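Please keep the sequence and the structure in view while reading.

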Amino acid sequence: QVQLVESGGGLVQAGDSLRLSCAASGRTFSTYVMGWFRQAPGKDREFVAAISWGGATTSYADSVKGRFTIARDNVKKTVYLQMNTLKPEDTAVYYCAVKRSSAVVPDPPRRYDYWGQGTQVTVSS
């Protein structure tokens, strides 16, 4: 079992930066692929980024490439999402998630096994 708790969301202006954190519990955190997803009002939950257990392999949605960076610290059992040059269309609830396979690809949400409760990110224009 893995429990995830996100933090770091907030209200910012377009062009600003935010860093989200996701703290995990569970002894096998370091062997899982970690991902970030987001869900805007009235829209489906969508993939944002994923990172391999060792941190060497990452994957990003086209909409965030070059602006967002995913990273993890297996000692702290934490995964991060650094979000730069934020846009109003980045406004959503952001969720971190864990899956027990090793593929680092833009998977749909159903491929992930454990989820956090989400943190709100609002970007004003």
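Two strands are said to pair if DSSP finds at least two bridges between them, and strands themselves are DSSP runs (E, at least two residues), numbered from the N terminus. The model is a predicted one, in which local features need pLDDT of at least 70 and side-chain atom pairs count only at pLDDT 80 or more, while totals for chains, interfaces and linings use all residues. Residues are numbered from 1 along each chain as its sequence is written, and side-chain values use heavy atoms, with hydrogens and water left out.

**Strands and their partners**

Strand β1 (residues 3-7) runs antiparallel to strand β3 (residues 18-25), and five bridges join the two; within this pairing, L4 has A24 of β3 as its bridge partner. In a regular strand the side chains alternate between the two faces of the sheet. On β1, L4 and E6 make up the covered face, whereas Q3, V5 and S7 make up the uncovered one.

Strand β4 (residues 33-39) is mostly covered, six of its seven residues being buried, where buried means under 20% relative accessible area, exposed means over 50%, and partly exposed lies in between (1.4 Å probe, protein chains only). Seven bridges join β4 to β9 in the antiparallel sense, and F37 has Y95 of β9 as its bridge partner. β4 also pairs with strand β5 (residues 46-51), again antiparallel, over five bridges, with E46 in β5 as the bridge partner of R38. The hairpin of β4 and β5 has six residues between the strands, and in it G42 takes a positive phi near 80 degrees.

**The disulfide**

With a disulfide taken as a pair of cysteine sulfur atoms within 2.5 Å, the count comes to one. It is formed by C22 and C96, whose sulfur atoms are 1.9 Å apart. Because C22 lies in strand β3 and C96 in strand β9, the pair ties together parts that are 74 residues apart in sequence. The torsion about the S-S bond of C22 and C96 is about 45 degrees, so the disulfide is right-handed, and both C22 and C96 are buried.

**Salt bridges**

Side chains of opposite charge can pair when their charged atoms come close. Here a salt bridge is a side-chain nitrogen of Lys or Arg within 4 Å of a carboxyl oxygen of Asp or Glu, and the structure holds six of them.

| Salt bridge | N to O distance |
|---|---|
| R38 and E46 | 2.6 Å |
| R38 and D90 | 2.9 Å |
| D113 and R100 | 3.2 Å |

R38, E46, R67 and D90 are linked in a network of salt bridges. As for the remaining pair in the table, D113 is partly exposed, with a relative accessible area of 31%, and R100, at 54%, counts as exposed.

**Aromatic rings**

Which residues do ring pairs link into a cluster? Rings of Phe, Tyr and Trp (its six-membered ring) pair if their centres lie within 6.5 Å, and planes under 30 degrees apart count as stacked, over 60 as edge-to-face and the rest as tilted. A search of the whole structure finds five aromatic pairs. The rings of Y95 and W115 have centres 6.4 Å apart and planes at 80 degrees, so this pair is edge-to-face. The pair links distant parts of the chain, Y95 being in strand β9 and W115 in strand β10, 20 residues apart. Y95 counts as buried at 13% relative accessibility, while W115 counts as partly exposed at 27%. Y112 and W115 form a tilted pair, 6.2 Å centre to centre with 55 degrees between the planes, and Y112 is buried at 5% relative accessibility. The cluster as a whole links F37, F47, Y95, Y112 and W115.

A charge sits over a ring if NZ of Lys or CZ of Arg is within 6 Å of the ring centre and within 35 degrees of the ring normal. The charged end of R45 sits over the ring of Y95, 3.7 Å from its centre, and R45 also lies over the face of W115, at 4.8 Å from the ring centre.

**D107**

D107 is found in the loop between β9 (92-99) and β10 (114-115), and at 13% relative accessibility it counts as buried. Leaving aside neighbours within four places in sequence, D107 is in contact (heavy atoms within 4.5 Å) with F37, F47, K99 and Y112.

How values were computed
Helix = DSSP H or I, 4+ residues; strand = E, 2+ residues; numbered from the N terminus.
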